[in-house]
Amino acid sequence: MMKVRLLAYTPDPERLIAAAAKNCYSASNVDGILDGLTEEKTNQFLEMLTDLGHESPIEHASFSFAIEGVSRSLLAQITRHRIASFSVQSQRYVRERGFEYVAPPEIEKLPEAKAIFDKAMDDDQKTYEALTTVLLEKHLQTLLEQGVPEKKARSQAEKQAIEDARYVLPNACATRIVMTANARSLQNFFRLRCCERAQWEIRALAEEMYKLVYAVAPTLFRKSGPPCVAGPCTEGKMNCGRAQEIRAHYEALRQPE
């Protein structure tokens with residue numbers, strides 16, 4: 001099951017962004033840059049930035065997430081967002097014993113499809129273990145012959161074995177990610193990945209991340225989400241035709257639980 005936590009974020013992110021904006025548009029020196037930035041004045045600065053399309057001050061606030069229960073398929077998509085930092089559970093150093101996996105909802109709906117999928121995952125696990133065993137034994141023998149102490153040799157042999165055995169693991173294999181991005185990058189991420197045309201798994205992740213950041217910076221992220229939330233759809237002929245429904249959905253997401 002997917003789980004997302006907001007690990008850390010820039011303290012008072014909206015006021016910091018307002019201070020950066022104030023630096024651009026006023027004569028205040030650094031000693032007084034935070035003076036007068038009440039909640040109302042902060043919101044005014046943020047609204048002004050949105051209206052002007054001036055996004056660079058938003059980069060001063062960053063947010064870090066811990067994500068687990070997502071697939072390697074999602075990992076390939078999310079790391080395309082290059083203005084972010086990622087730390088991913090390594091399949092080179094972590095042996096996948098009985099690996100967890102993510103099943104697409106359309107497969108989950110059909111018992112016959114789910115049975116085929118589960119068997120494929122079980123077969124992959126057995127292949128991975130068999131390949132790891134064969135490689136480990138070969139590497140262990142070589143290291144022992146080189147005079148490496150047995151305990152150290154076994155540890156090195158396992159690392160070498162799983163480094164190559166991981167090639168048989170599927171895209172469905174679950175992983176863990178720590179991700180940090182600034183607010184501007186997150187807004188771009190939400191525009192692309194909250195859209196109905198995004199793949200289901202990364203869209204679900206984007207919504208969870210959106211709820212977490214909106215809770216701590218509501219003015220900053222009030223117009224975030226797919227483009228149709230705050231304006232017209234940008235997908236042209238590829239639009240889903242459900243803009244009104246999606247706006248209502250995001251209005252509900254913004255309500256406290």
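Reader: What span is expected for helix α1, and what does the helix reach from its first C-alpha to its last?

Author: The model is predicted, so local features need pLDDT of at least 70, side-chain atom pairs count only at pLDDT 80 or more, and totals for chains, interfaces and linings use all residues. Residues are numbered from 1 along each chain as its sequence is written, and side-chain values use heavy atoms, with hydrogens and water left out. Helix α1 (residues 13-25) has 13 residues and reaches 19 Å, close to the 18 Å expected; the expected span is 1.5 Å times one less than the number of residues. Helices are DSSP runs of H or I, at least four residues, numbered from the N terminus.

Reader: Why is the pair of Phe 190 and Phe 221 called edge-to-face?

Author: Rings of Phe, Tyr and Trp (its six-membered ring) pair if their centres lie within 6.5 Å; planes under 30 degrees apart count as stacked, over 60 as edge-to-face and the rest as tilted. Here the centres are 6.1 Å apart and the planes stand at 75°, so the pair is edge-to-face.

Reader: What makes Tyr 210 and Tyr 250 an edge-to-face pair?

Author: Their ring centres are 5.5 Å apart and their planes are at 65°, so the pair gets that label. Tyr 210 lies in helix α8 and Tyr 250 in helix α9, so the pair ties together parts 40 residues apart in sequence.

Reader: Why is Tyr 210 called buried?

Author: Buried means under 20% relative accessible area, exposed over 50%, partly exposed in between (1.4 Å probe, protein chains only). Tyr 210 has 0%, so it is buried. Tyr 250, with 1%, is therefore buried too.

Terms used: Helices (H or I, at least four residues) and strands (E, at least two) are DSSP runs, numbered from the N terminus.
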